[in-house]
Structures are given as C-alpha cells and as structure tokens.
Amino acid sequence: MSVKVENLSIAYRMRSGDCCPVEGVSFTVADGEIMGLAGESGCGKSTLGNSLIFMEGRMQHLGGRVVVDGQVLPIEDFRAMRPYRMAKVSLVPQYAMNALSPTRRISKLTADLLRSHGVREGDVLEEMKRRIRLVGLDEDVLSKYSFELSGGMRQRVTIILSTLLNPSLLIADEVTSALDVSTQRAVGEMLMEFRDRGFVKSVIAITHDLSILAQIADSILIMYAGRLAEKASAADIVNAPLHPYTQMLLASLPEVGVRYDTTTLTGIPGRPPSLVNPPRGCRFADRCPFARAKCAEAPPFVQVRPGRHVACWKVSQGWPEEAPKAGPGGGPGGGPEGGRA
Amino acid sequence: MSALQIDHVSKLFRASAGGDLTPALRQVSFGIDPGEVVTLIGESGSGKTTLGKIILRLIPASSGTVMFEGSDISGLRRTQLRDYYRHVQGVFQDPFSSYNPIYKAERVFELLRGVYFPHLGQPAWQAKISSALQAVALNPGDVLGKYPHQLSGGQQQRLLIARALLLDVRLLVADEIISMLDASTRVDILNLLISLKRSGLAILFITHDLSLGNYVSDRTVILRHGAIVEMGDTVKVFGNPRHPYTRNLLTAVPELHKKWQPPALGNGTRPAAAPGPEVPAATAFDAPPLTECEENHLVAEDRA
Amino acid sequence: MSALKGSSPAPVAVVGGPAPEPAAPAPPRRRGEFLYYALHNSKVIFGLSLELVFVLAAIFGPIISPHNMTDFFASNQPPSGQHWLGTDNLGHDLFAEVVNGLQVSYMVGAIGAVCAAFVGMALGFAAGWRGGLLDEVLQMITNIVVMIPALVLLIVIGAYLKTRGILFEGAFIGLTTWPWVARAVRAQTFTLKSREFVDLARLSGKRGISIVVREIAPNMASYLFLVVILLFGTSMLLAANFDFLGLGPTTGTSLGNIMNQSTLWSALQLHYWWWFLPPGILLTGMVAALLIANVGLDEVFNPKLREQ
C-alpha cells in the first residue's frame, strides 16, 4: 500500500468557533493509483489534501494518522515534516500557477526550491529539461518569467516542479480548474503520463469536477460536509453510484448532447450544513429524499461490496429505491434555495 | 424585430501607452431574438467577456455597431443610457465580487430605486422586491437583511438576476454566471434562465463550458481569438461541427461516460500530451468570412 | 506601509470559503470585528494609551500650570517645586511653555494632516477614477510637487512673509506632503474600479462621483484612516523640524521652537538639560506612539498580518 490514511480528523480554528472539515477519514491509495477526491465547496477536501503535507496555522490535528510507504508521517509537526515534503509527499496547491513569483525566472525559482530541500540544482537539471520536453513545452521555458507563459504552461511547469524529486504521493489541488478545456485535457493526460512513467507513485487529485475524474482517475472518493460519503472505482461511481448524494450530484451535471427540451436536470435543494455545529447524524439527511429516522445516527463508512465503500444506511441496510412520501427531512424544503442550514 | 443585433464589431486594445494594438474582437456579427438564448462560447482570450462589456456599454467598441431594438447604442448619453439599462442588464462571473462587501446584499436593489423608481412608496417597493425574489425562487426571509458573505453563491447569483428583473429587462447578458457555483446548484440557475426565456427574455449566455452551452441555448456562437469560427443552431453546431477548432474543443471536453479520444495506446505508453491550441494571439485585424454549410449553421474559413 | 486592499476579503474561486455559514447565527459585522481586534492588539493599546497621555497633557497642562508662559522669573533654573521643568534663559517657566507648545504641535499636526489628506484624496480619486488625460495631468502635478524641496520653499516664503501663524504652517505642510497620499489612493482606486460591484453600480445608472464616494471610498476606509494617522504624525514631526530651524510660526511657541531656542542659547553646552530634553522626548513620544498604533491598526485591518 502506498498511502494509508487512518481515522484522520482535522479541526480548523475560526473566530466563530472550531469547525471540523475532516472527521474520521480513512482510505488507502495503492501504488500507481490516481484517486480523485471530489466534493463541493466547503466539504473539506482541500483541507484533507493539504493536511497530508502542510498544516497551515489554523489547522489542528485532532487524531488519526497517515502512513506513506510504511512510514508514519508526522503531519502535526511542521519541522519534522520537512524532509518528507517534496521528496515523499508533494503538493500542487490550488492557484499554484498564479503563485509563481513574477520577478524571478523559472530557472531561478527551481533552483531556490531545490536548494531549500537540500538538492543541488545541477543534479536534477537534465531530468527537468527532459520532463519539460516530454510534456510538449520548449526548454526555453526555464529562462522565462512566469507572466510570459500562458496559464496552461504555468500549470504544467508547476506540476513538473512539484514532482521533480519523484515523490511517492502527489496531491494535486484543483489543477485543472481555471484552465481552458484543451489545456485541461493536456494537464490531465500529463498526470496520467507521470504516473505511468513512475515519476509519482500515487496521485490524489482534488477537484469538484467529476467529469475530469472520470477521465483520469482510477478511483473516486466523494466527500460531503467533512465526512466520506462513497469510495469506488471511477467507473462504478460514474455508472452506478450508491450514495444518494453521488446519485443526485451526477444527475445534476449537464453533458454535451443533453438539452433542456429533451431532459430537464435538477440540482440538489438546500445547502450543506455548517461545519461549526454539524448535525449529529448523517450530514446529508436534510437534503436526502430517502432519509428516515435511522439517519439521525451517523452511518459508518463501510465496505458494502468488494471495492465499494459507502456511508449510508439506505445502502448498508438495503432500503428500497423509492423515496418515502413524507419523512424526517425528506424532500426538498420550499424551493430550490430553501433556507435549510 | 431582433432584440440585439451586432454588426462587424471589433475591439482593439493597446497594451501600454504607445504599445502595440491587439485585436480582442474581430468583425463579430450576430443577432439575438426575444425569447432566445444565444450562447457565446470561447476559451480565455477569445474576447467573449469583452463583447459582453461592449453590449453593456461598459467599454466602447473600436468599430462596428451594436443595435438594440433597432437603435445604435454607442450614441446614448445620460438619460438615454439609463433607459438602455432599464432594458439591458448583466450578471457576472464572481457573484461575491458583484456585491459591495460593506453593505447588505439587498443594496443592489436600493441602487436602482433612486434612479428608476423615485416615486414608488415603500410598500409598493417592497412588493416589487418580493415578486422579483419569487420569480427567482428565493425566499425573501432568507436573503433580505443579510450581508453578501452570509449568502451562498447560488443565492447571490439569484439575487442579482432578481435585480435585473426589477427593471423591464429584455436582454440579459450572463457572463460565466455559474462557473463559480457548486455543481449541484448550477443546473437550478440554468433552469431559471430557461423559465425566464420562456417568458420572452433574450439571453446572451457567455461561457467556456460546452456542456452548459449545449444544455441551455437555442443558438451557439463559437469565438476564437476574437473572431467567430462557427455559429448557428445549437443542435447543428454540436451535432455536426465543421470547423477544426470546434471539433478540437468537443474532443477535449471531459465527459462522464466516455473517455477522451484518441485513447491510450495501451501498456502504459501514451502519446505525449498535445500542446493544445497555444497558438500566439491573432495579429490579423480582420476575420475569416463565414459561409453557410447547412441551414442555420455558418462556418468560418479555416485559416489556422 | 503595506498595500492594503481595504476591508474586503480576496474573492475565492470556490464559493463559500472554508465553511459555509448557517443561515441563522450571523458572524459579527465588519466594524464590530475591527473593534474587537483593535481592542486586543497590544500595539494599538500601547500607542493610543501613550498618545492619550500626551493629549491630556496638552488639554489640561495649561490649566494646571501654576505659571503663565509669558511671566518672567529667574532664568536658567533647573526643575524644582516652583518650576516643574525649570526656566529658560529669559526666565519663562518651561512647563508652561512646553504644555502650550504641545497644543500648538497638535494643532499644526491636525491642520497639516487634514490639508494633505483632502488634497491627496481628491486628486487621487479623480486620477484613479477618470484615468486618461486627467490622470496624466495630475500625475505631472504630483511629480512636480514631490520635487519641490519644501525646506527651500519655506525659507523663500519666510523671507517675504514676516508673520506666519499656525494656520500657515499647517497649510504649508499639508500642501507639500500630499503626493504620496494621492499616489496610494490612485492606485487603490484603479484596483477597486475594476471590481464587479463598480460595474454593477454603473449598470444601475450611477455616475462617477456617486460611485467613488459610495462604492469605492468606503472600501478603502480602513486604509484612509491609517493614512490620516500617518499624516498626523509626520506633520507634527515636520513642523518640529521647521520650528527647530527657526522657520516656524512667528507667534506663540511650539516644541520645536523651544528646542530651537535651547540650541541658540547653547543649552547643550551649558548642561541646561531641562530645556531641550523634555520637548524632545515629548515630541518623540507623541509621534512614535502614533506610528506604533498605526502599525497595530495595520494588523487589525489586514487579517493576513495578524499573528495566529
């Protein structure tokens, strides 16, 4: 097993209270696997991904552990994580392509980055050039400033930089958002290519875009309000989702070829719960058409079939497919933007 | 009569004082009829937002005319411009950015009151707001009295659409209005646009996302580097794309149930990622001419 | 001074931020939030408390002073029960002089700050909002004013204007120190002008001045507040500089004036420390307290600078 996360919980300190965007999360990512971590805004996916490598000031490690290649990562200790960063676990943060310093050339940025990780630039320069050519860029990208490159080129350079030391785990946070459709494809294929060539062992791709994950991911992990909802192979998630949230989410995505006059799509009414004071039971219950009294108890994230994990009473207890006519929290609450918290 | 008619509109930007002129829009022409949704599809740098701003009179066109209900909008001043905004409104990409963060969200309504409804008494004004909020399926109790950061993105966007509905809007320019919203709320806003369209509103839907454009629009205009490469009936443009750029876009769109074509060659090797259309920005100021390849479907000559 | 973006948070592409707020409990309003942080920031508390001491001294000093500034006593007396800060070479009670000087320093500081703020903001907003030709012209004017050496100008004016009051000095300082304000305000206005809520205001039929005053300026309110405080401090300091060189008001006295006199009459060489030290320390304290509070307020308004 390349990456194993066991019962991880992370809290986030805010003025209005502590919220827990990651609660009791456990999953594994095998060697050579690209796992998609999907969910909507506020579900905690970015916090989860970032916590594996860098706990920002307000994040607190509440419990659980992370094991990469058999070694437990000291994620709660900023200093102790230094030797692991970039070498074992690497991150392409959200908005990374906009965070490249505009006053230094790419080659200088690379040298600085490598030096801060104790690597001499000379040793890896050739490899870097090779990888730059591999993704279809010209070597002279190194001598340019970041603003001279287009968004897609910057994103690719960022990914090359992050994977230069061949980490075991790459965490890619929204690397394809804010890119044009054709560049999205190029970057997505680049991640797969890097995985195929062994530049990275496993990849966790964090995004809200399920269709990109359907292309590049081997498995998909769906998060909702800080907890895991479902995990399965990408094909299973897309073709036969089990969790009601996944099902409703997929049903709300327009695809090329679907038009309003032939098929009307609907969104999910309501809003995700606040993470400062989350409900005790299943967090999706108030928006779920299948909710019953049992859902006041939080469903565990269990394996219901080989390779399929779901946190849902309906699935684990085998409730029927028809939504109850009236039930606790069943049905949308007064309009698509009903005031349910 | 068409609601909006754009005729050979071009826009040139000067990079810096005395610098080179770059064409952001080149000879763009098309029209929108009442009750019609026209999607303007383009990637970054295509000029789609620029065109939206020109139609909203936020920036002037360098050449060409924009006619709204038969009259040229470039000459409008003061009161004429105010009347124009009574009928033509816009909603933008970042809902949070459209609100002034230090005021309450409903101030966007108040901004209109002094200019457009100076003689309306308080109860009549409240009634107007209520009916506009109902038209966008918002519960007044949920959104009135709140600050923008207390509302969700979906609520913010709906409120902005409600604001446009307060006036007698006939054309709505929707510039990437759902790209910053969660997937589960996007489709609800799209359905709202469709219901508005059915009551006669003309909508220019600007987006880079082809599946959204396909879902919601009657006609599609595909923009590349400021010029139209293909346009026409949505079903025809998406079903039978003729221009290589359109085809490229359609093959690159990630779909849930279909892998990217061409597929991997197998055994771990994959063709090196195509660089994608990273061609330098167009330097020609004119646009390739459009020819009709089938009824309601025009394609530009391929000069790439 | 850090480039503040006003009180608005940077918009995040992912809507809702790290955790969506529930509909019912509303987070504290922005102003309340600032007040909370301000009252808990050590620099702000220290700076403002110290400044308060000086302000109280300026207000009540002349009242509690047992002697008048203009009375004559024995000259060059060190501090004693009779004369708390001693006397100068002419026999004036230094305590009375100093507390009166405090008042003058504050007034000049205030006049200078208000003038500079007014001119700087007016020109900054105009240049930032309009752009184009007006901006080019105003930039030129700004550059010219920056280049003029204020000291030399004051000397020249001093040669012709034999009587100068506090108002003149304050106005002079105001009219020579506005350029940086104008530049900063112009830059921020450019940034805010491209925000979508400004577009929305235009789409609501609002005109330029209304948008600048109602939409743009309030978003810079915290920054403008800091600008005024900084101007206040630097005006006081500049006034003291001018007074020390003898270019200050010809009527009344000020802290810089006292120090000027003390130097002219060799107080340093003669070890009359009570003549030059108190005004110097007071001046340093007044300006430093203000600037420390300013740094603290910078942290209050800009969440990114706050220590966690």
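In helix H7 of chain C, the buried residues are C:Pro179, C:Val181, C:Ala182, C:Ala184, C:Val185, C:Arg186, C:Gln188, C:Thr189 and C:Leu192. A residue is buried if 20 or more other C-beta atoms lie within 10 Å of its own, exposed if 12 or fewer, and partly exposed in between, with C-beta atoms placed from the backbone. The model is predicted: local features need pLDDT of at least 70, side-chain atom pairs count only at pLDDT 80 or more, and totals for chains, interfaces and linings use all residues. Residues are numbered from 1 along each chain as its sequence is written, while chains are lettered from A and ligands numbered from 1 in the order in which they are written.

**Chain C**

The buried residues of H7(C) pack against helix H3 (94–130), helix H4 (132–147), helix H8 (196–203), helix H9 (208–219) and helix H10 (221–244) of chain C. Helices (H or I, at least four residues) and strands (E, at least two) are DSSP runs, numbered from the N terminus. H7(C) covers residues 179–193, and its 15 residues should span 21 Å at 1.5 Å a residue, which agrees with the 21 Å between its end C-alpha atoms. The expected span is 1.5 Å times one less than the number of residues.

Chain C as a whole has 12 helices and 0 strands. Of its 308 residues, 45% count as buried. Among contacts in chain C with a separation of 6 or more, 73% are between residues 24 or more positions apart; two residues are in contact if their C-beta atoms, placed from the backbone, lie within 7 Å.

C:Leu283 belongs to helix H12 (residues 273–301) of chain C. C:Leu283 counts as buried because 25 C-beta neighbours lie inside 10 Å. Apart from neighbours within four places in sequence, C:Leu283 is in contact with C:Ala240 and C:Leu255. C:Gln261 is 22 residues from C:Leu283 along the chain, and their C-alpha atoms are separated by 16 Å.

**The sheets of chains A and B**

In chain B, 8 strands form an open sheet with mixed pairing, in the order S6-S7-S8-S3-S9-S10-S12-S11. Strands S6 (88–91) and S11 (290–294) of chain B stand at the edges with a single partner strand each, so one side of each has no neighbour in the sheet. The twist averages 20° from one strand to the next. Two strands pair if DSSP finds at least two bridges between them.

Chain A also has an open sheet of 8 strands with mixed pairing, in the order S6-S7-S8-S3-S9-S10-S12-S11. The edge strands of chain A are S6 (89–92) and S11 (302–305), each pairing on one side only.

| Pair | Bridges | Residues of S12 |
|---|---|---|
| S11(B) and S12(B) | 4 bridges | 297–300 |
| S11(A) and S12(A) | 3 bridges | 308–310 |

B:Thr291 has B:Val299 in S12(B) as its bridge partner, and A:Arg305 stands opposite A:Arg308 in S12(A).

**The contact of chains A and B**

The contact takes 50 residues from chain A and 48 residues from chain B. On the side of chain A that touches chain B, H4 (151–162), H5 (181–196), H6 (210–216) and H8 (244–251) each supply at least two residues. H5(A) gives the most, with 11 residues.

Terms used
Axes fitted to C-alpha atoms, helices over the stretch in contact; angles between N-to-C directions.
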